[in-house]
Amino acid sequence: MNVTKAPAACLIGWPAAHSRSPLIHHYWLRTLGIEGGYVIEAVPPEDLRDFVLRLSLRGFVGANVTIPHKEGVMALSAPDGRAKAVGAANTLWFADGELRSTNTDVEGFLGNLDASARLWDTADEALVLGAGGASRAVVFGLLERGFTRVHLANRTPARAEALAAQFGPKVLPLSWDGINEVLPRAKLLVNTTSLGMHGQGALELDVARLPSDAVVADLVYVPLVTPLLATASARGLRIADGLGMLLHQAVRGFELWFGQRPQVTAELRALVEADLTKT
Ligand code: ATR
């Protein structure tokens with residue numbers, strides 16, 4: 001008898017992190033009626049190379065990659081433009097016998113805004129807070145969508161300057177003190193810092209200074225509604241939350257591994273929300 005094994009993907013990290021990815025991918029496999037799997041694999045740094053090079057032999061059609069391996073997998077695969085621009089990859093898949101990598105945070109950020117705030121990308125001036133890895137994905141996505149002025153404020157100015165140097169003259173580094181001055185022109189405000197996250201410092205920002213048609217996005221999803229998003233909503237501004245981005249970033253990986261593009265449904269959102277509030 002010829003038994004074909006169901007395709008499976010995994011999440012490569014170290015140590016084995018608690019992740020919502022299995023919940024998300026299992027939901028899509030179940031609702032789309034696809035026989036497949038998604039498991040967490042704890043891979044120490046010294047084993048990363050061997051694990052990735054034998055991914056297919058281990059029976060996997062692809063993988064997500066998380067801390068601390070997002071940079072390390074770049075050299076072990078063929079990164080696309082998004083992974084190269086962000087300097088980190090979070091998704092591996094096979095195409096034409098080659099192991100490729102991408103960064104789906106870019107698509108997660110864009111897809112979430114598309115779903116949450118129609119025509120958000122007709123604006124051309126944005127303010128991004130933070131200059132870490134998440135910020136690189138956001139800035140790259142905004143440039144892809146045609147933004148011509150992306151102000152970038154960071155507590156440590158040198159990191160904002162380095163990012164601006166990498167992405168070119170449309171990215172304008174800004175001191176943290178300069179935020180107030182830019183707010184009235186920012187049609188889109190994105191928080192990529194950990195400020196506002198449960199247990200972290202507060203993000204002190206005068207939302208009232210934003211234009212009345214501004215859109216506010218926060219990458220933080222614990223709590224689901226950050227103080228920034230709550231204030232923006234109370235002012236009648238459109239918002240895009242961090243959970244939406246988390247769900248939308250998973251779409252591309254699933255599509256690459258299992259061949260069908262899944263939907264971010266209200267039911268999936270409720271499922272992950274319930275899991276987040278459980279702990
Ligand atoms: P990620 O990959 O999620 O972007 P990161 O690279 O650690 O994570 O970046 C975290 C971001 O949050 C940085 O922009 C950081 O500012 P610094 O570059 O100055 O460290 C920002 N951040 C974290 N804590 C902060 C705080 N208390 N005040 C202001 N910014 C903060």
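Me: At what angle do α5 and α6 pack, and how far apart are their axes?
Reply: Helix α5 (residues 133-144) and helix α6 (residues 157-167) pack at about 35°, with axes 11 Å apart. Axes are lines fitted to C-alpha atoms, for helices over the stretch in contact, and angles run from 0 to 180 degrees between N-to-C directions. Helices (H or I, at least four residues) and strands (E, at least two) are DSSP runs, numbered from the N terminus.

Me: Where does the model come from, and how are residues numbered?
Reply: This is a predicted model, where local features need pLDDT of at least 70, side-chain atom pairs count only at pLDDT 80 or more, and totals for chains, interfaces and linings use all residues. Residues are numbered from 1 along each chain as its sequence is written, and side-chain values use heavy atoms, with hydrogens and water left out.

Me: Which residues meet between α5 and α6?
Reply: From α5 you get S135, R136, V139, F140 and L143, and they meet L163, Q166 and F167 of α6; contact means heavy atoms within 4.5 Å.

Me: OK, sheets. What's the strand order in the mixed one?
Reply: That open sheet has six strands, ordered β2-β1-β3-β5-β6-β4. Two strands pair if DSSP finds at least two bridges between them. β2 (37-42) and β4 (78-79) are at the edges with a single partner strand each, so one side of each has no neighbour in the sheet.

Me: How many bridges join β1 and β3?
Reply: Five, in the parallel sense, between β1 (residues 8-13) and β3 (residues 60-65). I12 stands opposite V65 in β3.

Me: Which strands does α9 lie across?
Reply: Helix α9 (residues 242-258) lies across β1, β2, β3 and β5 (91-95), at about 25° to β5.

Me: And the sheet with parallel pairing, what's its order?
Reply: β9-β8-β7-β10-β11-β12, also open. Its edge strands are β9 (171-174) and β12 (238-240), each pairing on one side only.

Me: Switching to pockets: how much space is in the largest one?
Reply: About 1,500 Å³. On a 1 Å grid over the protein atoms alone, a pocket is an open set of points where a 1.4 Å probe fits, with protein on both sides within 12 Å along at least five of seven lines; lining residues have an atom within 4 Å of a point. Grid points are joined across faces, edges and corners, and the volume is the space filled by probe spheres set on the points.

Me: Which lining residues are closest to its centre?
Reply: Of the 44 residues lining the largest pocket, I67, K70, D105, A134 and Y221 are the closest to its centre. β3, α5 and α9 each supply at least two residues of that lining.
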